[in-house]
Amino acid sequence: MMQTVLAVTAVILSLAAAGAIIRIARGPSLLDRVLASDVLLAILGAALCIDMAVNRHLDNLMLLVALSVIGFIGSVTVARFVADRREQPRDS
Amino acid sequence: MIPDAGTLDAVIDGLSAVFMVVGALMSLAAAVGLLRFPDLLSRMHAATKPQVLGLFLLLAAMGLQLRTWWVWPVLLVAWIFQLLTVPVSAHMVGRAGYRTKHLHRELLSTDELEAVVQKAAAKAAREDSSDGGH
């Protein structure tokens, strides 16, 4: 049964990753791309979780936590950068 | 009646299988939302699903599959860490989106920040004019 679940979730997560990548490619603004890459990171984390659950090991747990740290730092930094860059022309 | 070990095992397996499929569907829902929603703020609404509920379901499936008790606190810490960082980054992205006007104003039902921004702008204008008078 676990192999069936693995196949089903692999298909679902592949479709989800394709959707997120399409939004990264198409996204009209930088913030849309940041959001979509955050979702892509969450999908990768979901894939790591499912691998750990199906194969019954805990090797990827630190990688999962590191992934959420990277997502956090990345989106906060880029959001800050966007805010600063768009503010400047209005001030001058 | 106490279920024997085999039945219990099958029940736990089935529960974790359901958790895994639903958790994966959360990611798919986020992707569909990203593709179909019209502006940044509504896309942010969709993007939160795999980050919180999806991760919770998958970590729960992991805890059920590993069949040990000590792993639950570790998984809880991982989930709480995600729960603490996701609102902060969502706040930053939403704030940057509001400031750079990446939203469709006609789609908002209320805009509570508008009044604050208007007040601050009026105050800044008043200070500017009083500075100019001197």
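I began with chain A and counted 3 helices and 0 strands; helices (H or I, at least four residues) and strands (E, at least two) are DSSP runs, numbered from the N terminus. The order of elements in chain A, read from the N terminus, is α-α-α.

I noted the basis of the work: this is a predicted model, in which local features need pLDDT of at least 70, side-chain atom pairs count only at pLDDT 80 or more, and totals for chains, interfaces and linings use all residues. Residues are numbered from 1 along each chain as its sequence is written, while chains are lettered from A and ligands numbered from 1 in the order in which they are written.

I looked up confidence next. For chain A the mean pLDDT (the predictor's confidence in each residue, from 0 to 100) is 85, with 89% of residues at 70 or more. Helix α1 (residues 2–26) of chain A has the highest mean, 92, and helix α3 (residues 61–91) of chain A the lowest, 76. Residues 86–92 of chain A fall below 50. Where pLDDT is low, the predicted coordinates should not be read in detail.

I then checked burial: 37% of the 92 residues of chain A are buried, that is, with 20 or more other C-beta atoms, placed from the backbone, within 10 Å of their own.

Last, I turned to the contact between the chains, with residues in contact if their C-beta atoms, placed from the backbone, lie within 7 Å. Chain B brings 45 residues and chain A 42 residues. On the chain B side, α1 (5–36), α2 (40–66) and α3 (71–99) each supply at least two residues. α1(B) gives the most, 15 residues.

Definitions and conventions
Two residues are in contact if their C-beta atoms, placed from the backbone, lie within 7 Å. A residue is buried if 20 or more other C-beta atoms lie within 10 Å of its own, exposed if 12 or fewer, and partly exposed in between; C-beta atoms are placed from the backbone.
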